[in-house]
Amino acid sequence: MQIPFDNSYARLPDGFYTRQNPTPVKAPKLLSYNDNLARLLGISAADTDELAQVFAGNTVPAGADPLAQLYAGHQFGNFNPQLGDGRAILLGEVIDSNGIRRDIHLKGAGPTPYSRMGDGRAWMGPVLREYLISEAMHALGIPTTRALAAVATGEPIFREQGALPGAIVTRVARSHLRVGTFQVFAHRGAVDHLKTLTDYAIARHYPDADGPMGLLRAVCAAQAELVAQWMSVGFIHGVMNTDNCAITGETIDYGPCAFMDAFHQGRVFSSIDRQGRYAFGNQPNIVVWNMAQLATSLVQQLDDKDAAIEEATEIVHAMPDQLESAWLRRFAAKIGISSPRPDDVTLINDLLNLMQTDGADFANTFRSLCKADARDQFANREAFDHWSEKWQSRRQSEPDPDALMQSANPAVIPRNHRVEQMIEAAVAGDMAPFERLMKALATPYVETDPDLHRPPTDAEIVPATFCGT
Ligand code: AMP
Ligand code: MG
């Protein structure tokens with residue numbers, strides 16, 4: 001296999017990572033391969049068997065320099081001074097045909113020095129969930145890591161549920177630099193490493209950023225935009241720990257994530273998020289909290305601490321306004337308004353409040369606003385009619401509200417019950433539901449497979465998702 005590697009992270013000093021090869025598996029079998037992405041990356045392979053061997057970690061391709069990255073992180077608000085890739089291995093980087101450097105990274109590739117008590121493996125459920133949802137996010141136009149390949153290992157994985165089929169996902173990202181990558185060096189007082197990392201992040205992602213505070217400013221802007229985009233499609237990340245928060249502003253580390261059916265600001269899917277820390281409506285608060293942790297780490301390298309703290313505080317404090325304006329722009333588009341005014345916040349929130357009271361379906365309600373049947377989504381139709389009158393008069397000054405709404409309100413999202421049904425089928429050897437979902441989700445703003453738009457019936461509802469790593 002030809003992969004045009006150019007491994008910049010591996011050229012960083014010792015202490016950023018540990019060199020580590022993937023651990024071979026018994027019987028690799030390719031579950032899915034992303035040809036379009038492979039082409040973008042300049043990857044060519046002889047056949048399916050070779051793809052399976054490489055993306056299972058059994059064959060290390062020429063030019064790869066496999067390593068496990070070190071990082072720390074706040075998990076549910078508690079600082080863990082050392083995490084790191086416990087089951088993931090960075091094979092290396094390529095510069096894609098758009099000139100963008102991208103990491104190629106195997107997740108579930110065996111133990112590393114950072115595995116702690118874990119087995120270094122993943123099972124097929126989370127692997128296919130990440131593959132499908134990350135590609136769906138990409139098609140929705142939301143910054144995200146991508147999925148290049150999924151391979152079944154032919155080995156059992158032991159989890160609470162018992163023995164499960166093992167699998168590995170190959171993830172492609174602009175980088176795997178996390179807030180936690182900065183935290184580990186800041187916490188250790190390793191100022192030289194912190195400076196090296198900061199310079200590396202600026203050069204790789206934000207070449208116009210002026211020093212550590214310029215980097216902070218750029219990451220805050222990217223993260224504010226990202227969270228507003230999540231909110232606009234009803235996405236709940238589920239585990240916004242600082243080690244799962246990418247400097248690039250890409251969605252990363254798909255675990256117990258899910259898209260909402262019935263709208264509720266307090267919606268939580270993750271079975272371990274008992275306090276609702278990462279509830280739908282709390283995501284903007286959490287991303288600010290995460291950026292405050294990045295700020296705290298970045299200031300450690302500056303000589304004039306008082307000035308740095310003052311500037312960092314000003315940058316982080318500006319974030320709620322950035323989030324609010326990104327949120328307003330995204331949600332205004334969903335109701336056909338291209339240049340929102342401050343008082344549109346009330347119009348949007350009035351609709352969301354009605355939806356929450358009636359348990360209206362998030363995706364279908366917004367999509368149905370493009371048609372004439374939105375009132376059918378509500379139990380209290382008079383209340384909707386009342387809102388709709390105000391909305392219609394506001395829309396009158398808009399040039400082409402319908403086209404805007406069509407492009408801001410997906411027809412199809414990866415509904416949780418469909419994802420779970422897909423996993424159940426895949427474990428039983430049937431990849432047809434996976435293929436069907438992938439196909440529809442590739443063009444989410446087009447109505448290609450109406451049965452996939454349907455919310456779950458009571459019997460189909462999947463109320464919780466499990467990290468189940
Ligand atoms: P996550 O919550 O999946 O992002 O993982 C948090 C930390 O736990 C990271 O350091 C992971 O590498 C590690 N981890 C998760 N699952 C495993 C596993 N099965 N084996 C080893 N480490 C793991
Ligand atoms: Mg993680």
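In this predicted model, the axes of helix α14 (residues 416–427) and helix α15 (residues 432–441) come within 7 Å and cross at roughly 145°. Helices here are DSSP runs (H or I, at least four residues), numbered from the N terminus; axes are lines fitted to C-alpha atoms over the stretch in contact, with angles from 0 to 180 degrees between N-to-C directions. In α14, R418, V419, M422 and A425 meet P433, F434, R436 and L437 of α15, where contact means heavy atoms within 4.5 Å. By class, this contact has 6 nonpolar, no polar and 2 charged residues.

Residues are numbered from 1 along each chain as its sequence is written, and ligands are numbered from 1 in the order in which they are written. Local features need pLDDT of at least 70, side-chain atom pairs count only at pLDDT 80 or more, totals for linings use all residues, and side-chain values use heavy atoms, without hydrogens and water.

The magnesium ion (ligand 2) is coordinated by N244 (OD1) and D253 (OD), at 2.0 to 2.1 Å; donors are N, O and S atoms within 2.8 Å of the metal (3.2 Å for Na, K and Ca). N244 counts as buried because its relative accessibility is 11%, and D253 counts as buried at 11% as well (under 20% relative accessible area, 1.4 Å probe, protein chains only).

The structure also holds 1 cavity of 30 Å³ or more, a set of points on a 1 Å grid where a 1.4 Å probe fits but cannot get out. Among the 14 residues that line the largest cavity, Q223, W230, N244, C245 and A246 are the closest to its centre. Helix α6 (211–232) gives the most to this lining, with 3 residues.

Terms used:
Buried means under 20% relative accessible area, exposed over 50%, partly exposed in between (1.4 Å probe, protein chains only). On a 1 Å grid over the protein atoms alone, a cavity is a set of points where a 1.4 Å probe fits but cannot get out, and a pocket is an open set with protein on both sides within 12 Å along at least five of seven lines; lining residues have an atom within 4 Å of a point. Grid points are joined across faces, edges and corners, and a volume is the space filled by probe spheres set on the points. Helices (H or I, at least four residues) and strands (E, at least two) are DSSP runs, numbered from the N terminus. Ala, Val, Leu, Ile, Met, Phe, Trp, Tyr, Cys and Pro count as nonpolar, Asp, Glu, Lys and Arg as charged, and the others, Gly among them, as polar.
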